[in-house]
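Let's take a walk through this fold together. Have a look at the picture first, and then we'll talk about helices and rings.

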Amino acid sequence: MSADDEVQVIEQAKQGDARAIRRLVDEYAPVIYRFSYNICRNQDRAEHATQETFMSMLKKLHQFDNRSKFSTWLYTIISNHCLMLARSEKSRRHVSLDDEDTQFPEIAVDHWDFNPDLAVERADLKEHLDAAIEKLSPEYKVVFMLRDVEGLSTEEVANITNLSVPAVKSRLHRARSFLRNELAPIFDEQQNG
């Protein structure tokens, strides 16, 4: 959908046009579900967060004023739903990166293309990366996923998360350092093994 088409579809959806609403949902459902799944790491929770995002979209669509991209507005909603869902799960444990004691040394890690010929090793690395991402607290996971996986700018992430740009950079740095620290032994093992 082109940007001009999207503006028109959004205006039609604001008027209650069911086809326009359906078109927006069809356009953004894969993106929203993927992001939700990357944060929630669970199909049921991701589906729930996706459904809640579109329910919120319907309730608040009249508030969307085209000052930001529609996708940015949706990322704000899904990020909030994912964070609320994570906060409601008190039994899940995450590593706190806010403590001053939790400092991670800068460790040089080889490029991801280390030994790319073996698909099995890539799958193994993906599994380890997923496990490390799962350990991040939701606040850090949202920033990491928006910036490094979804490819949004730091300013867009700041707008979505309602954080300052320096706060986004700080959380991103801590998340990357944590992940680097978690994955370094695996890379070392592969290099030496």
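A residue is called buried under 20% relative accessible area, exposed over 50%, and partly exposed in between (1.4 Å probe, protein chains only). By that rule Y75, at 6% relative accessibility, is buried, and F35, at 0%, is buried too.

Keep in mind that this is a predicted model, where local features need pLDDT of at least 70, side-chain atom pairs count only at pLDDT 80 or more, and totals for chains, interfaces and linings use all residues. Residues are numbered from 1 along each chain as its sequence is written, and side-chain values use heavy atoms, leaving out hydrogens and water.

What do F35 and Y75 have to do with each other? Their ring centres are 5.4 Å apart and their planes sit at 75°, so this pair is edge-to-face (rings of Phe, Tyr and Trp, the last by its six-membered ring, pair with centres within 6.5 Å; planes under 30 degrees apart are stacked, over 60 edge-to-face, the rest tilted). F35 belongs to helix 2 and Y75 to helix 4 (residues 70-88), 40 residues apart, so the pair links distant parts of the chain (helices are DSSP runs of H or I, at least four residues, numbered from the N terminus).

The structure holds six aromatic pairs. In another one, F64 and W73 have centres 5.3 Å apart and planes at 50°, so they are tilted.

Definitions and conventions: Helices (H or I, at least four residues) and strands (E, at least two) are DSSP runs, numbered from the N terminus.
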